[in-house]
Structure formats: structure tokens, C-alpha cells
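Please open the model in your viewer and keep the selection panel at hand. The tour goes from one selection to the next and says what is there at each stop.

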Amino acid sequence: MTRAALRLESVSCQFGSVVALQAVSLAIAPGEKVALVGPSGAGKSTLLSLLNGSMSPSQGSVQVLGKAINQLQGSRRRKLQRQVGTVYQQHQLIENLSVIHNVNAGHLGRWPLWKALWSLVWPQQVNAARQALAQLGIADKLYARTDRLSGGQQQRVALARVLVQDPKIVLADEPVASVDPARSHDMMALLSHLGKNRTLVVSLHDVVLAQTYCDRIIGLRQGRILFDLPSAQVSAEQLTALYDLEASDLEASNLEGNDLEADLKPSDLENSAV
Amino acid sequence: MKNFSTDVSKVSGEPLGNELPGNELSGNKPSGERSPQPFTSKANFKRLFVLFLWFLFTLWALRVSGTPELNWGGCASIYQFLSASFRPELSPAFLWVMAKAALATFAFAVCGTTLSLVIGLIFGVACSRLWWRIFLPGTVGQGIWMVLRGGLAVPRAIHELIWGLLLLNVLGLDPIVGVCAIAIPFGAITAKVFSEIIDETPAEPLNALVNSGVYPVTAFFYAQLPQALPNLISYGFYRFECSLRAAAVLGIIGAGGLGEQIFLSWQSLQYAEVWTGFYALILLNGLVDTWSAKLRRQMGFVSRMDIARRTNAQKRRAATERNRFFIWGSWLAIALSIPLCFAYLDLGWARIGRSPPFLIDLASQVTPDRVLSALSFSLVPLALQTVAMSVLAINLAGIGGVLFSFPAAQNFFLPGGLLQSVGTASRWGGGHLVLLLSRLILLAARAIPAPILALIIVFGMYPGVWPGALALAIHNFGILGRLMAEVNENLPDRPLRALRSLGASGSGIVFYGILPANFARFLAYILYRWEVCLRETVIVGLVGVGGLGRLMTEQLSSFDYSGLAATLLVFIGLTIIVDTISAQMRSAVR
Amino acid sequence: MTHSRRYRRRSLLLSFCSFALLSSIGWSCGVTQEQGTQAQSPQEQAADATASTQTLTVGAIPDQDPEKLQRLYGILSEYLSEELGVSVTYQPVTDYAAAVTAFKVGDLDLVWFGALTGVQARIQVPDAEAIAQRDIDAEFHSIFIASTTSNIAPITDPTELVELKGKTITFGSESSTSGRLMPQYFLAESGVELSDFDREPGFSGSHDATIKLVEAGTYDIGAINEQVWLDRLAAGAVDESKVQAIWETPAYYNYHWVVNSEAVNEKFGEGFTQEIQSALLKLDKNDPDQAAILDLFGADKFIETENENYAQIEAVGREIGKIQ
């Protein structure tokens, strides 16, 4: 078996009494493009947070590039985190700085403090930043103030930051949530371009987009994996079950991991039709 | 490092104890989104309770201070003094002296502000909760944070004037005393505000960087500080205005500048010269306040105190070519004036180097047993008088400030203003006169140092708590009136115009539209100034009943440092209590 | 690429500003140092005793119109400079306690102190010496004044001071000998404590302000320097229908010159203290230039004095708490 880029072993995640993830196990191979789909609150964001190390699981282990990220400390942990780039739903840019500084933030993991501070006064590696922005089609915004850009442009800046960071793994949390349909295709195209030669994990609501741009789709519901299939094999029934609002907790908790298609009950389908 | 992001995000949502009422009240919303709450809510009960409590406080203060007694015999002296206002000393030689004094006051303010901002930035970072969470997570960091934060309360509690007198003992006769006397307490205040700004700035971008493997300290300086910077700058301008007033007060202990000239002229009863000094101070303060207000507006800071309000990109006015010229010209002027002012004052930095023996000498005179023996119950009535004076002063200042905030706001009486009927559109009319006059009164009230006001008032009043309270009231009225006028100007006018179009009268608009919307803000400003007022009681203590401040100057002139340490301990304790009460009340009226 | 152009301009400006700031800090430090070695500001001398030129710094407590002080000490400095052959500068001070402090930290070498501040200064600087005083200072008096509206009759015997109980009183400066210390002492001698007065005593800050406040009736009684009172009466600056003198205190030693012996002897050579003393005592009212100085001091001549003359003042100071 080849070494997985990302591996979760019976991971559970709890916030107080709320269970965000329950006994999730999965492995993602290097170079794979994976979409996480599922209703709001299914645990997609939690899963991504575990993968970039911003959260630790209550139980189980998370391995990034073969290392248990939550057991590392200090510089070794940071070195690993540098290999994971994240595109956030809210972009998380430093809004009152120029675009170039936000793009250069991708270098920060490699730069010493003095260089980072000097770059704020005298921007460093301008060409790398310009190239990254050019790939995303906003090269002319290099020196614009970030908070004067449109939402879509800001998202491209966030992508450019990840591009400059040059990680092995790219995570994207609902990148098309607040974008109109035409733009969402652009965005997904950019993301899969970004994910070329990289592992890509992206959480989405739109299954069509997932099927178009990803090799594999993982369906999450109430903290469990409902299905985990190559894009082409995901069926309409599975999707209906995934987004079925009426399915009770009890029924959901009876579902076990990847075997769920066998356990689908007719009643679920009927309810969804109502 | 575990659960890093959840820890940090907790910080940004938490309201902290505050130097600035504005940010507590505004939260992240512009004030317009808050509608007055109905009278049944719990919040309103709390608000009424606070008002009731304050009312009791005031009654108690009135009891302590007795009724104000006017001295009609002093009318002649006061008339003599006032009539000199029409014939200020204008001989070229004296004007030259005044011009140099004004320059010195300005230079003191510039140097004091610069140093206090440097101190404030360093300690602001060191006192922010966020810094310790990322630099040294865990209980040790938390402990250091608490010690630092608490330690800031000490330099803040001591008034600039007392700092000046203390530093004189260590640094000798040199302008550096005046600059340090401003820089130390203002540095501590600035540090507190800066740390709050840093903690209230959203930390998500920082978290994003940290989670991509960036060293947290790098992420702090790269992501958190730049985001907080506009608010820090805006607050810096406000500090500059305060420094200018402090520089004038420090003249009284001989730091130089306009304050000193006025005080000297007063001592030799040269009223005409005193008035020239007043006019110079008013002019200087007026110029600086106007410039600072214009710059802040053009740079897109809505109000000086609204630091936590997230700057809204859409709201920023597109900078026109002229604005940009003004902004860059201002920055250039700042960049040039800082070195020039330092050079002009010719500070004896070497004195800091040779201060340790004096400091050790001073410290050796303060022993715990002597300090303890100086702590006695006789300090209690003095402490109560001090509090009573501050309560009286802030009541008067608050009422006056609210009243003047309407005529002094641009959006009320001017043509097209809220209290003007639509149609009356003369270019220059009574509205302008009212605006100008009320602003001038406020400016004069805050520009003239409170100790000088107290010296004048005591001619017309018998000694007691009242003359001091009145002097503080007038000074703070000038400051509050301006702050409140700004609040009024930032009021969204649509609901008011709706009232107007309903046919409501001017007073109807004030009571149904403006006061309900701004009341909490006004109250918060008043409570905030109350804390400042308590510190300022020290400087009016020379006339009649002075409470602890009077005792402090007596101890300083007797070189009784142990006694002084004891009095300072009581005063610091008092300041912390009043700060806490004020913070509690402010959070209740929010 | 307008953005980039503007940005570059911004960066340039920023770096220019930071450069200006840094260089100016360096410059202002440089300026201080230069002045230290060339013009010899007093603070540098204390640290640098080997420099070739030294300045004697003269100061005075601010008990009078500062303009008059400036004039007075201007010509006195010239005289001393000529007599002693060293450069002399006058350093004005605005606060009594500040004068003592400045003497302590070595910013002032020779100071015209009041009795109390002189004692305070000598306690802070053990080697300091009282060297001269005016003829009038050996027998100085304070005057109690009262507003006519308070209906206080002139006092002929100290025992009558008890009649002042229940009135309001204002002193001058807190550290003034004639405007605070000795009046308070003589009151206490006659059994009148400060707590016997109505309200707390005021501190007007200066003798002139005390006269004005009593004239206005804000306070019933005021305690002032005899010399100032006689001076203002002569100048017609007092409304005698509103304020009158009610009592003159017994005599006591007051103003005197105090020199920081150790510092000046170190700077100008042993025996310099005596040189200063003889220069002061030599002032002659028959010489028109020197007469101007004596006239401004309100004296006929300066006479010798010594630390022991102020033992009584020190005792009083300790009793009242002005000396720790």
C-alpha cells in the first residue's frame, strides 16, 4: 500500500456534548482530488480543521504525510503544517494590507521574523507574488488594498497565498459558498489547477461541481461517513439520503461507514419526496 | 499548542475592561443599528438601577461638600480679572515670549506623545492577552499577563503633575522632566488601550497563518498588528490632544511653556498677560483639535473613540486628490515635527544615565515601617473628600456637556440641520453663530488648565470642596461637550428626519429621537471622564479643601517620601475602586 | 499600473519618514552632546569636572515677580562673573520645592533660599553652607493681615491670637518661611492650631495672591512677608479700606545665600566658597551699579551668616512637619 497523504484512524471529535465527528476513518492518496459533501453541520469543516492541525481530535489519530500531526510540537509541527495550505470560506486575509503582503504571507513559514517585518516596509519576492496573481488572473491588483477588492477577487488572493506557500496538500472550505454559479465553475477550475500535482480536499454543497472536478466524493452526515466513492459511482439515491432533512438521528446512527448503501431504507426515499 | 484556534478566537469576542467607552458601546455595529430598547427589558432595569446608584452618589457628595458659598466681596477682583480680557498684553516683546512659550508647549506635547506611543505600543503588545496566548500559552503566560496588566494601573493612577514633581527629584531641572511626566502616565494609558485594541481585533487571519505553519510571533506582527494599526493611529491623535493640555498644566511646576508663563503672570497679578496666555492656549488647542479632527475624518476614522468598529471599506470616502494632499502633507509634517521638537527642547538624555544614585537615595527614604506608620485613618476623610469632589465635578461637567453637545454639533442648527426647518437655507445665519459660539466656549473651557481656573474661582467662592469641583467641572465640560457633539454628529439622521416629517418639534426630536439613541453613550463618556476627574483632583487641591491631592503636594514640599508613598498607595487604591465601579456601571448601561 | 506607482511612492515616503525619524534622534543626541562640551550646561559639569570652562549656576526661590527676578539675577550674575572670573548663569525655578530639589541634584550651585527651604536644602546636601544674608534678614518679620469685613481688631499681644479662632486663614506658598512656617509657628505658640480655624487653611501660592484674596474677603486672615507688605503699601497697590495689618510677628532669621561647597570647590578650586562670600559681602551701595543690585534685593548690604543661625527654624520646621 502506498503511503497516504492524509489518514484518519477512527477519529472522533467532540465539543462539549456535541459530537462533530464520530469514529471516522479514511485515507487519501497523494495527488487525489477529494470532495467532502454533506449538509450543514455534518462535520466537513471540523474534518478540514483536523487535517490542517488547527484542531485536535478527542480520540483517534490524524496523520499528515505519515506523521501524527497532533502529537508534534513546536517547529516540527510547523514544518508539517507548512505542507498543508488552506483556503478559508471567509478568506482570512489581512484586509488593510496590500494584496502583495497577503500573498507574501505564504512565505512566512520560511521567512525569519526580521524578513517578514522588512517585507511589510519593502515587499520581498515581488515576482513570485505577481506570477501567482497572474495565474489567477488578477496580476493588476498587486498593490491594491485588499479590503477594496470584490469578494471573488479576495478569494483569488487567498488562493495566491496558498500558491506561494507551495504546500503538498490543499484544503478548501466551501470555496464556492458565496459565489454565483458561473463564478463557482471558474473557482473550481482554479482550485483544480492549484491542486495539480497536489492533494486536494475541498468541501462543497454542490454535488455536480464535485463530480466535475474531483476524483472521489466523501459524503458526510452527522459526523459519520455516509459514503466514500469515486465520483462516477455516486448515485442519486445516496445524495438524496445525504441531504434528507427528515432522517432521524436514530436511523443515522444505525448506518455504518461505507456499507450504508445496503442499509438505505425505502422510507427515507419516501420522506425525501414529500 | 493544542486547540490553539479555539483559545484565540475566544479572545476577540470577549469584552474587556475599558479605557474607551466608545468601543464597549458600539461593539462591531455602527450605533445606528441599535434601536432604543423598550422600557420593559432587563437592560433598562439595569440602566435605571445605575442611574439611581449615581443619584445616591451625588447626594452623598453634596452632603460631604456642603452648599456652595459665593463670596460677593470677590466680585471686584473677578471683574478686574475679566475686564482684562478686553485688553490683553500685546506688546511685541511679550508676544514674542508667548510665541516661544507656545512653541515649547507644542514641543512638549509632541515629544510626550511620541514617547508615550512608543511605550504604549511596546507595553500594549506585552499586555495583550493574545500575545501571551501565543508567546507563552498556559498558566505562566496568563500569570505574567495579569501582573503586567495590573502593574499598568499604578503609573496610570498618578497624575502627570505628581509624576513631574517626583521626576524633578531624580532628573533635576531639565525639559526631560516634563516630557517624561507626560510619557509615563500616558504611555500606561495608551498601553492599556492598545492592548484592548489588539485583543479586540479579529484574530482569524492570525490563526490562518499559524495553522499554515507560521511561527506565531511572526504571525502576530505580520497579521495582528497591521490590522490594529489604523485604530492605534486614531487613538494616537486623541492622545496628542490630551498631551497638549497636560503640557500646559505641567508648566505650573516649571516645565516651561504657556502654562508656566500664565502661572507666573498670575502670581504677579498681571491679568492682561494672563489673558494673552489664555488666548494663545485657546488658539493652539483650537488649531490642533481642528487639524486632528479633519485628519481623522479624511483618513476614514469615524469617531476617535470608536476603535472596535470595523472599518467598513464601502464607507471610506474615496480620497480625492486634495484630501490625499492633506493627508500626506500631515504625515510629512508629523515626520518633520517630531525630530524638530526633540531638537528644540534639547532634552538632557544623559540625566537618565546619572539618575540611579538619586533614585536609590529616594528609595532608601521609603521604608515599609515608615510607610505603614504614615497610613492612618486620618486619610479616610481626605479620600472621601477627593471622591466627593470628583463626583460633583463630573455631574456638572456631564450636564453641561449634554446641553452643549447639541448646539456644538454640525448637524443640528445649521441650515438643513435636524432642528432647522427645511427651507431656511441662508448661507450664514444664526445657526452658524450658535455653532461657532458654543464650540468656542467648549474650546476655551478645555484649553485653560484647571488649576488656574481654580485660582480664579476661589476669588468668588469661599474655600471648600466646591471651588476645586467647579474648576474640574469647567475643564471636563469642555472635553465632554466636544466628545458628545461628535456622538451627535455620527448619529444616523434618517429616523430623526422621519420624526421631523411627522411634524415633531425640536424638543420632541431631542427627547424622542436623539437622547434615547445617544443616552448610553453619553453616560459612558461621563463615567469614563469620572475616572480621569478623580486623578485630576490632585491638581486643584491647592485651593481650600484638596483631599489627598493637597496632602500630596504638602508631602512633596516637605520631602516626606514615606508619607507620600502612603498617600499614593491610598490614592492608587481609590483609583482602582473608582475604575472598577465605573467599568461596572458602563457595562450595565451598555 | 497606477496602483504600483502609488505604492512605490508610499513605500518611499515611509522609508523617508523612518529615515528622518532615526537621523533626527541621532541628531538631537548629537546636539545635546555638543552643547554639553561647548556651552557647558550645568548638568554636564557635574559629570565632567575636568572640562576647562565651568559655569556657576545661580538660582532663587520664586518669591517675587519673575520678571523682577530675571532682571535682578541678570545683573547679579554679571557682577559675580566679573568678581570671580568664572561664567555665571541664572536658572529660573518656579516652585519652592523644585529649587531645593534642583540644588540637591546639582543643577544649582548658589541659591537664594528662604529660611525653611535653606534648611531643607542643607539637609539634602550635607556640605552646603549658608554664607550671606541681607541686613534685614537677621531680624525678619511676618505680618498678619485681615479683611475689614471680618471685623478683627489689631492684636497687641500674642496671647490675643486666640481671637482668630473660628476665622478662615490663607498662607502663601506651602514652603514659604514668612508666608507659612513662622506664622503657623507663632500661632501654635499662642495655642492656636490650624484645626482651630474655620475650614482648612488656604495656600494662595504667593504673597501677592494672599493680599488679593484677603482683600476680596475670600479669607478673613492672611499671613505674608513683611517686606512685600511694606513694598505694596508704598506702591499703593493695596486697598486699605478692605485690608489691614493686624499683627507683626517677633523677629526670626530668614532669607540667605546657600552654596553647594563641595561642588563649587571641586569645580573652581578650594576656597571658592569664601570667594563667593566675599564677593557678596563686598556689594557697596555707594557704587551705582552695585546699588542697583542691593536696591532690587531691598537691602543696604549683605552680612555674614552661618548654618547655626537657622537652628530655630529647623526646630520649627520639624515641629510643623515641613522637615522630616
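Begin by selecting chain A and chain B together: across their interface the rule finds three residue pairs in polar contact, both residues at pLDDT 80 or more, where a polar contact is a pair of N or O atoms within 3.5 Å, one of which, within protein, must be able to donate a hydrogen and the other to accept it, with residues adjacent in sequence counting only if both atoms are side-chain atoms. This is a predicted model, in which local features need pLDDT of at least 70 and side-chain atom pairs count only at pLDDT 80 or more, while totals for chains, interfaces and linings use all residues. Residues are numbered from 1 along each chain as its sequence is written, chains are lettered from A and ligands numbered from 1 in the order in which they are written, and side-chain values use heavy atoms, with hydrogens and water left out.

On the side of chain A that touches chain B, colour α2 (74-81), α3 (99-104), α4 (113-121) and α6 (151-165) of chain A, the elements that give two or more residues to that side; helices here (H or I, at least four residues) and strands (E, at least two) are DSSP runs, numbered from the N terminus. The most comes from α4(A), with five residues. By class, this side of chain A has twelve nonpolar, 14 polar and eight charged residues, counting Ala, Val, Leu, Ile, Met, Phe, Trp, Tyr, Cys and Pro as nonpolar, Asp, Glu, Lys and Arg as charged, and the others, Gly among them, as polar.

How many salt bridges does the rule find across the interface of chain A and chain B? The number is zero, a salt bridge being a side-chain nitrogen of Lys or Arg within 4 Å of a carboxyl oxygen of Asp or Glu. The contact (heavy atoms within 4.5 Å) takes 34 residues from chain A and 27 residues from chain B. About 2500 Å² is buried between the two chains, with carbon and sulfur atoms giving 58%; buried area is the accessible area (1.4 Å probe) that two parts lose on being put together, summed over both. Within chain A, select Arg78(A), Ile94(A) and Leu108(A), which lose the most area to chain B and together make up 21% of what that side buries.

Next, show chain B with chain C, where 62 residues of chain B are in contact with 53 residues of chain C. The area buried between these chains is about 4900 Å², and carbon and sulfur atoms give 56% of it. In chain B, the residues that lose the most area to chain C are Leu173(B), Gln267(B) and Phe559(B), together 14% of what that side buries.

Between chain B and chain C the count is five salt bridges, and one to display is that of Glu554(B) with Arg180(C), at 2.9 Å from N to O. The rule also finds twelve residue pairs in polar contact across this interface, both residues at pLDDT 80 or more. Helix α15 (residues 321-345) of chain B gives the most to the side that touches chain C, with seven residues, and that side as a whole divides into 34 nonpolar, 17 polar and eleven charged residues.

Stay in chain B and select α25(B), of whose eleven residues ten are buried, so that the helix is largely enclosed by the rest of the structure; buried means under 20% relative accessible area, exposed over 50%, and partly exposed in between (1.4 Å probe, protein chains only). Glu554(B) is among the buried residues of α25(B). Move on to Phe559(B), in the loop between α25 (547-557) and α26 (561-589) of chain B: this residue is buried, with a relative accessible area of 7%, and its phi is near 55°, a positive value in a residue other than glycine. Most residues other than glycine have a negative phi.

Gln222(A) lies in the loop between β9 (216-221) and β10 (224-230) of chain A and is partly exposed, with a relative accessible area of 35%.

Finish in chain C with Phe186(C) and Trp247(C), both of them buried. Their ring centres are 6.5 Å apart and their planes stand at 85°, so the pair is edge-to-face; rings of Phe, Tyr and Trp (its six-membered ring) pair if their centres lie within 6.5 Å, and planes under 30 degrees apart count as stacked, over 60 as edge-to-face and the rest as tilted. The pair links distant parts of the chain, 61 residues apart, with Phe186(C) in helix α6 (residues 177-189) and Trp247(C) in strand β9 (residues 243-248) of chain C.
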